[in-house]
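Hi,

Here is the structure I promised to pass on. Have a look at it first, then read my notes below.

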Amino acid sequence: MLELINDILDFSKMEAGKMALECINFNAKKLVGEIFKTHSYFADEKGLDFNYTVSSSIPKYLLGDPNRLKQILNNLIGNAIKFTNSGEVNLSIKKNKISKDSVELKFSVSDTGIGISAKEQQKLFKTFSQVDSSVTRKYGGTGLGLVISHQLVEIMGGQMFV
């Protein structure tokens, strides 16, 4: 219930243009390691292979909002594990571009889960739209996580796609 309330509050803040992001130094590899550790238990419980790779070219410290990045990755990895009954879930982080003032990273989450048809993919990041209500009934969830994650990524100057 707390997760649902937090999602609604985040969504409301974004809709009102009041979402504030932190801009602090954080250790990206350590953050990803913590996220991996959190989800390893759930992947192991389902018998899934769960792996992550972080490119060695990524700077040790980044400037940004580690809590919002963690929120996004937790949502994506949680969904991947939730919708994967056998096989694997993988997270990879690579450097896309680097300039004097910024680093652009590419985060990829892949899985061998149930999949989403091309037609249904169009619904993924739309507010109050779910791919398939029968899937939601079977697996649970509100459908807000991807919308919030998508909007957070855009606020951070990135893009999210499937």
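The largest nonpolar core in this predicted model has 19 residues, and those with the most contacts inside it are Phe26, Leu73, Ile77, Ile81, Val89, Leu91 and Ile93. A nonpolar core here is a set of buried Ala, Val, Leu, Ile, Met, Phe, Trp, Tyr and Cys residues joined through side-chain atoms within 4.5 Å. Buried means under 20% relative accessible area, exposed means over 50%, and partly exposed is in between (1.4 Å probe, protein chains only). Two or more residues of this core come from each of α2 (28-45), α3 (66-82) and β4 (88-98). Helices (H or I, at least four residues) and strands (E, at least two) are DSSP runs, numbered from the N terminus. There's also a second, separate core of 7 residues, including Met19, Ile72, Leu144 and Val153. As background, nonpolar side chains tend to be buried together in soluble globular proteins.

A quick note on reading all this: residues are numbered from 1 along each chain as its sequence is written, and side-chain values use heavy atoms, with hydrogens and water left out. Since the model is predicted, local features need pLDDT of at least 70 and side-chain atom pairs count only at pLDDT 80 or more, while totals for chains, interfaces and linings use all residues.

The chain averages 85, and 78% of the residues score at least 70. Confidence is lowest in helix α5 (residues 133-139), with a mean of 53, and highest in strand β2 (residues 49-54), at 97.

Overall, the chain has 6 helices and 5 strands, in the order α-β-α-β-β-α-β-β-α-α-α. Of its 162 residues, 33% are buried.

Now the salt bridges (a side-chain nitrogen of Lys or Arg within 4 Å of a carboxyl oxygen of Asp or Glu). How many are there by this rule? The count is 2. In one, Lys70 pairs with Glu34, and their closest N and O atoms are 3.7 Å apart. Lys70 is in helix α3 and Glu34 in helix α2, so the pair ties together parts that are 36 residues apart in sequence. Lys70 counts as partly exposed because its relative accessibility is 26%, and Glu34 is partly exposed too, at 35%. The side chains of Lys97 and Glu104 also form a salt bridge (3.9 Å, N to O). Lys97 counts as exposed, at 53% relative accessibility, whereas Glu104 is partly exposed, at 35%.

Cheers

Methods:
pLDDT = per-residue confidence, 0-100.
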